[in-house]
Amino acid sequence: VEASVPEEQREAWKKHSAKEFKTKDQFEADVVRHIETTLARSLFNCDEAAAYAGTALALRDRLIIEWNRTQQQQTFADPKRVYYLSLEFLMGRALDNAILNVGMKDVAKQGLEELGFRMEDVISQERDAALGNGGLGRLAACFLDSLATLNYPAWGYALRYRYGIFRQEIVDGYQVEVPDYWLDFNPWEFPRHDVTVDVQFYGGVRKYTDDSGKQLSVWENGEIVTAVAYDAPIPGYGTRTTNNLRLWSSKASHGEFDFTKFNSGEYEASVADQQRAETISAVLYPNDSLDRGKELRLKQQYFWCAASLFDIVRRFKKSKKAWKEFANQVAIQLNDTHPTLAIPELMRILLDQEGLEWDEAWSITQATFGYTNHTVMPEALEKWSVPLVQHLLPRHLQIIYDINFHFLQYVERNFPKEREMLSRVSIIEESEPKRVRMAFLAVIGSHKVNGVAELHSDLVRTTIFKDFVKIYGPDKFTNVTNGITPRRWLHQANPRLSALIASKLGGHEFLRDLNLLHKVEAYVDDEEFRKEFRAIKYANKVRLAEYTKAVEGITVNPSSLFDIQVKRIHEYKRQQLNIFGVIHRYLELKSMSPEARAKVQPRVSFFGGKAAPGYWMAKMVIHLINQVGKVVNADPDIGDLLKVVFLFDYNVSKAEIITPASDISEHISTAGTEASGTSNMKFVLNGGLIIGTCDGANIEITREVGEDNIFLFGNLAEDVEDLRHAHFYGDSFQLDPSLQRVFDTIRSGTFGDAGPFSGLVDSIVDHGDYYLVSDDFKSYVETQGLIDEAYKDQEAWLTRTITAVSRMGFFSSDRCIDEYAEMICELFPPLAVWRREGWF
Ligand code: 7GP
């Protein structure tokens with residue numbers, strides 16, 4: 001609805017228009033006003049939670065002012081917009097980020113102090129927005145930060161889950177999942193009860209002929225669920241651009257509950273529909289890199305795609321441009337295959353509702369979408385059963401079959417001699433039941449497909465999409481190596497390091513242009529710089545030690561080497577290799593003389609990460625880590641030489657404490673399985689070194705920081721297939737004696753009942769060791785030995801870490817976003833234009 005205020009009244013309006021706080025006084029006034037009026041509290045009952053709420057609301061006001069302005073400018077200029085469709089956005093906390101991005105750090109800190117609060121305490125009151133599982137969701141969050149910072153007109157679209165990723169508790173050494181109800185107070189979202197979309201499920205398709213004699217289809221008589229928009233402002237750093245993250249919430253289309261049923265006394269039935277509708281956006285699926293094929297998940301995907309597409313098309317139609325302009329105005333990036341239904345949905349809109357011909361609709365669709373692949377592991381590739389899609393989305397299934405028909409015809413024409421290729425590349429897998437291969441649909445419906453690190457993009461081209469490279473040519477397939485936002489992962493997580501760098505580089509410009517970090521290398525021999533760099537690392541380790549004491553009750557010595565592996569627990573990431581290495585270390589220590597022990601480099605092995613609730617093997621890895629910790633940490637022979645800590649409930653805000661405290665972090669996936677990894681980048685940027693395999697972005701990190709500044713080990717991706725084959729078909733399987741000893745120790749009950757761990761050991765000894773733990777164990781242990789030695793030379797170590805930090809500029813998500821914009825979305829950096837127009 002257009003409802004502009006008439007010209008005559010605009011003066012009064014402008015005079016009273018909301019203004020953002022600028023000074024400390026104004027900030028304090030806003031905080032106090034919110035605490036007193038929005039929260040109905042006073043100075044006599046204001047705890048830290050209320051101080052957080054007041055501060056967040058004051059900042060939110062500010063963001064909303066900028067958000068309105070940005071949206072107005074964009075509506076006016078109507079540039080090409082990019083829409084990032086991601087089922088996950090792992091945002092973490094918003095307040096600290098908002099304060100930083102609007103440049104109010106000092107104002108807020110001093111203001112809060114005057115009101116009687118410490119900024120750190122206030123910030124830590126916030127609950128994480130944990131609408132994601134791991135890498136894929138956190139990448140989406142970093143991208144939003146970069147898009148806004150670089151002034152791209154961009155929107156994120158996702159679901160407003162009532163429950164994010166579960167909270168992890170550890171009971172008797174086992175993971176227990178607790179619901180994450182995060183919405184009891186969320187000041188960052190803005191309900192838009194006037195922005196709704198009715199989304200249909202089930203029903204049937206009717207063909208009819210319109211007045212001009214044209215054959216059309218209509219999907220009808222289905223069940224309707226309403227999507228309600230909730231908006232969250234996304235501020236850029238050092239710019240006024242504030243983009244939008246739109247989250248859809250589901251509710252019954254007929255209002256709160258069914259009055260007809262209620263009035264006739266069917267009280268339970270009257271709310272049943274409402275509950276069914278609300279279930280769609282109720283929970284985030286807690287699986288990382290694993291497809292489960294559940295109907296509710298498919299419902300979520302369609303609900304979100306349909307609402308988002310409706311919204312995007314509605315915005316485009318406002319501009320009254322011709323359909324052939326659509327792809328010049330709209331770029332949609334698919335974050336993995338979860339939003340692939342957007343492809344047939346756009347086709348349905350163009351064909352059934354707008355009456356376009358197939359060819360035109362198809363070329364618009366292909367030109368609009370880009371698809372990012374995040375894994376080549378078969379168990380993660382989505383395939384939906386045809387009967388399920390038929391039942392839930394009958395019209396979409398027809399369109400998918402039509403897309404497939406046109407595509408296969410094309411293949412047949414161009415590759416007449418390769419008939420067996422047709423079944424290989426068909427969108428429909430001829431299984432029982434038949435299944436829709438979503439990745440193929442995504443490739444066929446997009447104009448560009450990218451992987452997220454060089455090795456991964458090569459694997460994408462040579463394995464899962466090999467045939468498609470032949471069909472479309474190599475240019476359709478490209479690489480955009482992942483990155484991270486330096487605002488959160490350097491400045492926010494490690495303010496003192498950021499300040500040290502700023503003091504040498506003459507300001508914080510490197511947070512916007514991370515390549516400037518290369519200038520830090522000039523200080524690698526500067527004694528004063530080195531001293532402060534070392535002191536910062538130590539202080540960060542002290543902070544993690546205090547945190548460990550507080551939450552785990554374990555005392556660790558901050559002078560020990562801190563070895564950290566935090567990420568989702570997954571067999572391919574090989575936390576089992578790490579903990580087997582820890583057990584090996586423990587056994588070595590036990591068998592040493594006191595003199596030999598005295599020479600050992602003390603170490604703390606930190607682990608953290610969640611296991612998908614149904615992933616037995618991952619849960620047993622967590623259990624083993626906790627059991628080993630219990631034994632080792634209590635062993636008087638060992639003392640400070642080795643401690644094992646499982647930090648429970650790893651999440652974004654905890655990562656901000658953990659990441660800056662590492663000396664070594666572990667990125668030890670089986671070569672070829674970790675598409676990129678992004679925590680590897682975070683750790684190095686914060687002055688830690690890596691032990692890693694030649695996998696994902698480790699390879700590019702090595703290229704940037706130099707081989708001397710990283711510890712690589714293990715087999716290469718190109719050898720994995722042969723090694724797996726040898727495990728299954730080789731005649732003798734010789735286990736490395738030290739790994740054998742580790743297994744014997746586990747089986748003997750040293751770490752408690754061995755029963756739960758048998759699966760872990762058997763998977764290696766009896767079931768083919770798919771992740772090649774036994775093949776890499778020896779070189780892993782040796783490399784850890786090299787690390788112990790290297791760490792003893794603290795000066796050389798320091799030189800390596802400083803050098804590595806200074807060479808990490810490439811891994812900013814700003815660089816990624818510029819690459820996506822240029823290569824895939826064909827967006828131009830708008831800043832220059834906007835400056836010229838006088839908007840800044
Ligand atoms: C992850 C990849 O495992 C990780 O290597 C990469 O850094 C990250 O995406 C961002 O690109 N994948 C997922 O989190 C995931 O769930 C399955 O992938 C769809």
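Guide: A word on terms: the domain bounds used here come from an automatic or database domain assignment. The model itself is predicted.

Visitor: Into which domains is the protein chain divided?
Guide: Domain 1 covers 1-77 + 94-127, domain 2 covers 78-93 + 128-481 + 823-836, and domain 3 covers 557-798.

Visitor: What separation do the centres of domain 2 and domain 3 have?
Guide: Taken over C-alpha atoms, the centres of domain 2 and domain 3 are 36 Å apart. Their contact takes 38 residues from domain 2 and 41 residues from domain 3.

Visitor: On to the ligand. Why does it lie between domain 2 and domain 3?
Guide: Because both domain 2 and domain 3 give residues to the shell around the ligand.

Visitor: Which residues come nearest?
Guide: There are 16 residues around the ligand, and H374, N482, E674, S676 and G677 come nearest. By class, the shell has five nonpolar, eight polar and three charged residues.

Visitor: Which polar backbone atom is 2.8 Å from an oxygen atom of the ligand?
Guide: One belonging to G677. For S676, a backbone N or O atom lies 3.0 Å from a ligand oxygen atom, and for L136 a backbone N or O atom lies 3.1 Å from a ligand oxygen atom.

Visitor: How much of the ligand's accessible area does the protein cover?
Guide: The ligand has 460 Å² of accessible area on its own, and the protein covers 96% of that.

Visitor: And where does the ligand sit?
Guide: In the largest cavity.

Methods: Residues are numbered from 1 along each chain as its sequence is written. This is a predicted model: local features need pLDDT of at least 70, side-chain atom pairs count only at pLDDT 80 or more; totals for chains, interfaces and linings use all residues. Side-chain values use heavy atoms; hydrogens and water are left out. A residue is near a molecule or strand if one of its heavy atoms lies within 4 Å of it. A polar contact is a pair of N or O atoms within 3.5 Å; within protein, one must be able to donate a hydrogen and the other to accept it, and residues adjacent in sequence count only if both atoms are side-chain atoms. Accessible areas come from the Shrake-Rupley method with a 1.4 Å probe; for residues, only the protein chains shown count as cover. On a 1 Å grid over the protein atoms alone, a cavity is a set of points where a 1.4 Å probe fits but cannot get out, and a pocket is an open set with protein on both sides within 12 Å along at least five of seven lines; lining residues have an atom within 4 Å of a point. A molecule sits in a cavity or pocket if more than half of its atoms lie within 2 Å of its grid points. Ala, Val, Leu, Ile, Met, Phe, Trp, Tyr, Cys and Pro count as nonpolar, Asp, Glu, Lys and Arg as charged, and the others, Gly among them, as polar. Contact means heavy atoms within 4.5 Å.
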